[in-house]
Amino acid sequence: MKLERTFSIIKPDAVAAGRIGAILASIQEAEFKILGLRLTRLSEAQARGFYAVHSQKPFFEGLVKFMTEGPIVVMALEREDAVARLREVMGATNPANAAEGTIRKRFATNIERNAIHGSDAPETAAAELAFFFTTADLI
Ligand code: GDP
(Lines give C-alpha, C1' and ligand atoms only; values in the text may rest on other atoms or scores of the structure.)
Protein backbone atom coordinates (compact mmCIF):
# COMPACT_ATOMS: atom_id res chain seq x y z
CA MET A 1 0.00 0.00 0.00
CA LYS A 2 1.13 3.54 -0.77
CA LEU A 3 2.38 5.97 1.85
CA GLU A 4 -0.24 8.57 2.76
CA ARG A 5 -0.14 11.79 4.77
CA THR A 6 -2.54 13.07 7.37
CA PHE A 7 -2.85 16.10 9.59
CA SER A 8 -3.36 16.09 13.35
CA ILE A 9 -3.74 18.55 16.22
CA ILE A 10 -3.10 17.93 19.91
CA LYS A 11 -5.94 20.14 21.16
CA PRO A 12 -5.70 22.79 23.93
CA ASP A 13 -7.17 20.50 26.62
CA ALA A 14 -4.50 17.85 26.09
CA VAL A 15 -1.63 20.37 25.83
CA ALA A 16 -2.78 22.06 29.07
CA ALA A 17 -3.05 18.66 30.80
CA GLY A 18 0.57 17.81 29.93
CA ARG A 19 -0.35 15.05 27.47
CA ILE A 20 1.83 16.05 24.49
CA GLY A 21 4.41 13.36 25.26
CA ALA A 22 1.91 10.55 25.84
CA ILE A 23 -0.01 11.37 22.66
CA LEU A 24 3.17 11.56 20.56
CA ALA A 25 4.21 8.19 22.02
CA SER A 26 0.89 6.62 20.93
CA ILE A 27 1.31 8.07 17.45
CA GLN A 28 4.88 6.82 17.15
CA GLU A 29 3.97 3.37 18.52
CA ALA A 30 1.47 3.21 15.66
CA GLU A 31 4.43 3.68 13.30
CA PHE A 32 3.66 7.12 11.96
CA LYS A 33 6.58 9.14 10.67
CA ILE A 34 6.45 12.72 11.99
CA LEU A 35 7.11 14.99 9.00
CA GLY A 36 6.19 18.27 10.70
CA LEU A 37 5.57 19.28 14.33
CA ARG A 38 4.94 22.73 15.83
CA LEU A 39 3.56 24.26 19.03
CA THR A 40 1.31 27.12 18.01
CA ARG A 41 -1.93 28.88 18.86
CA LEU A 42 -5.03 29.43 16.70
CA SER A 43 -6.42 32.92 16.24
CA GLU A 44 -10.22 33.16 16.27
CA ALA A 45 -10.19 33.68 12.49
CA GLN A 46 -8.02 30.60 11.95
CA ALA A 47 -10.28 28.45 14.17
CA ARG A 48 -13.37 29.65 12.29
CA GLY A 49 -11.68 28.91 8.97
CA PHE A 50 -10.35 25.52 10.00
CA TYR A 51 -13.78 24.37 11.25
CA ALA A 52 -15.83 26.23 8.58
CA VAL A 53 -17.56 22.95 7.63
CA HIS A 54 -19.19 23.01 11.10
CA SER A 55 -20.18 26.71 11.04
CA GLN A 56 -23.92 25.95 11.04
CA LYS A 57 -23.71 23.42 13.88
CA PRO A 58 -24.99 24.34 17.35
CA PHE A 59 -21.58 23.54 18.89
CA PHE A 60 -19.59 25.79 16.51
CA GLU A 61 -19.13 28.83 18.79
CA GLY A 62 -18.11 26.62 21.71
CA LEU A 63 -15.67 24.74 19.48
CA VAL A 64 -14.02 27.99 18.32
CA LYS A 65 -13.70 29.17 21.92
CA PHE A 66 -12.19 25.84 22.98
CA MET A 67 -9.71 25.64 20.11
CA THR A 68 -8.43 29.18 20.80
CA GLU A 69 -8.14 28.88 24.60
CA GLY A 70 -4.49 27.82 24.64
CA PRO A 71 -1.57 26.35 22.72
CA ILE A 72 -1.96 23.40 20.35
CA VAL A 73 0.50 21.09 18.60
CA VAL A 74 0.06 20.72 14.84
CA MET A 75 1.51 17.64 13.14
CA ALA A 76 2.08 16.33 9.63
CA LEU A 77 2.11 12.51 9.78
CA GLU A 78 2.92 9.81 7.24
CA ARG A 79 2.45 6.04 6.98
CA GLU A 80 0.46 3.53 4.92
CA ASP A 81 -3.26 4.24 5.16
CA ALA A 82 -2.47 7.20 7.45
CA VAL A 83 -5.90 8.85 7.52
CA ALA A 84 -7.84 5.73 8.56
CA ARG A 85 -5.09 4.45 10.86
CA LEU A 86 -4.88 7.73 12.79
CA ARG A 87 -8.66 7.74 13.21
CA GLU A 88 -8.35 4.28 14.81
CA VAL A 89 -5.58 5.43 17.16
CA MET A 90 -7.65 8.53 18.09
CA GLY A 91 -10.92 6.71 18.84
CA ALA A 92 -14.50 7.94 18.42
CA THR A 93 -15.33 11.68 18.60
CA ASN A 94 -17.24 11.09 21.83
CA PRO A 95 -14.85 9.46 24.32
CA ALA A 96 -17.82 7.60 25.83
CA ASN A 97 -17.89 5.61 22.56
CA ALA A 98 -14.11 5.35 22.07
CA ALA A 99 -12.39 1.96 22.20
CA GLU A 100 -10.10 1.06 25.12
CA GLY A 101 -6.54 2.25 24.65
CA THR A 102 -7.37 4.96 22.12
CA ILE A 103 -6.13 8.52 22.67
CA ARG A 104 -9.63 9.89 23.19
CA LYS A 105 -10.57 7.10 25.60
CA ARG A 106 -7.43 7.83 27.63
CA PHE A 107 -7.29 11.63 27.49
CA ALA A 108 -10.57 13.20 26.32
CA THR A 109 -12.98 14.83 28.78
CA ASN A 110 -16.12 14.94 26.62
CA ILE A 111 -17.34 15.11 23.00
CA GLU A 112 -15.95 18.66 22.60
CA ARG A 113 -12.78 18.53 24.73
CA ASN A 114 -11.54 15.40 23.02
CA ALA A 115 -7.74 15.80 23.00
CA ILE A 116 -6.92 15.28 19.33
CA HIS A 117 -7.96 16.12 15.78
CA GLY A 118 -7.24 13.94 12.75
CA SER A 119 -8.23 14.54 9.13
CA ASP A 120 -11.27 12.54 7.99
CA ALA A 121 -10.22 11.90 4.36
CA PRO A 122 -7.08 12.21 2.17
CA GLU A 123 -8.53 15.32 0.45
CA THR A 124 -9.24 16.98 3.79
CA ALA A 125 -5.75 16.02 4.96
CA ALA A 126 -4.17 17.79 1.97
CA ALA A 127 -6.15 20.99 2.66
CA GLU A 128 -5.47 20.88 6.41
CA LEU A 129 -1.73 20.22 5.92
CA ALA A 130 -1.57 23.24 3.59
CA PHE A 131 -3.34 25.35 6.24
CA PHE A 132 -0.41 24.87 8.67
CA PHE A 133 2.67 23.74 6.71
CA THR A 134 4.41 24.93 3.56
CA THR A 135 5.57 22.42 0.94
CA ALA A 136 9.15 23.21 1.98
CA ASP A 137 8.36 22.31 5.63
CA LEU A 138 7.40 18.77 4.66
CA ILE A 139 10.27 17.68 2.38
P1 GDP B 1 -13.87 14.46 14.58
O2 GDP B 1 -13.55 14.32 13.11
O3 GDP B 1 -13.93 13.14 15.30
O4 GDP B 1 -12.97 15.45 15.30
O5 GDP B 1 -15.35 15.04 14.71
P6 GDP B 1 -16.16 16.16 13.86
O7 GDP B 1 -15.43 16.57 12.62
O8 GDP B 1 -17.56 15.67 13.72
O9 GDP B 1 -16.21 17.40 14.88
C10 GDP B 1 -15.12 18.28 15.01
C11 GDP B 1 -14.94 18.60 16.48
O12 GDP B 1 -16.09 19.33 16.95
C13 GDP B 1 -14.88 17.39 17.41
O14 GDP B 1 -13.62 16.77 17.47
C15 GDP B 1 -15.29 17.99 18.74
O16 GDP B 1 -14.21 18.74 19.33
C17 GDP B 1 -16.39 18.96 18.29
N18 GDP B 1 -17.72 18.32 18.29
C19 GDP B 1 -18.20 17.41 17.41
N20 GDP B 1 -19.46 17.06 17.69
C21 GDP B 1 -19.80 17.77 18.80
C22 GDP B 1 -21.00 17.87 19.58
O23 GDP B 1 -22.00 17.20 19.32
N24 GDP B 1 -20.97 18.73 20.64
C25 GDP B 1 -19.88 19.48 20.96
N26 GDP B 1 -19.94 20.31 22.01
N27 GDP B 1 -18.73 19.43 20.23
C28 GDP B 1 -18.69 18.59 19.17
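Let's start with the elements of the chain: helix α1, residues 12-16, has the highest mean pLDDT among them, at 99, while helix α7, residues 122-132, has the lowest, at 97. What you're looking at is a predicted model, and the mean pLDDT of the chain is 97. As for how many residues reach 70 or more, that's 100% of them.

Now turn to the ligand. The space it takes is the largest pocket. Around the ligand you'll find Lys11, Tyr51, His54, Phe59, Leu63, Arg87, Thr93, Arg104, Ile111, Glu112 and Asn114. Sort that shell by class and you get 4 nonpolar, 3 polar and 4 charged residues.

A few of these neighbours are worth a look one by one. Take Thr93: an N or O atom in its side chain is 2.5 Å from an oxygen atom of the ligand. Lys11 also uses its side chain, with a polar atom there lying 2.9 Å from a ligand oxygen. With Glu112, look at the backbone instead, where an N or O atom lies 2.8 Å from an oxygen atom of the ligand. And how much of the ligand gets covered? On its own the ligand exposes 550 Å², and the protein buries 77% of that.

Technical notes:
Residues numbered from 1 in each chain as written. Predicted model: local features only at pLDDT ≥ 70, side-chain atom pairs only at ≥ 80, totals over all residues. Heavy atoms only, no water. Near = heavy atom within 4 Å. Polar contact = N/O pair within 3.5 Å; in protein donor to acceptor, adjacent residues only side chain to side chain. Areas by Shrake-Rupley, 256 points an atom, 1.4 Å probe, with all protein chains shown as cover. 1 Å grid on protein atoms, 1.4 Å probe; cavity = no way out; pocket = protein on both sides within 12 Å on 5 of 7 lines; lining within 4 Å. Sits in = over half its atoms within 2 Å of the grid points. Nonpolar A, V, L, I, M, F, W, Y, C, P; charged D, E, K, R; others polar. pLDDT = per-residue confidence, 0-100. Helix = DSSP H or I, 4+ residues; strand = E, 2+ residues; numbered from the N terminus.
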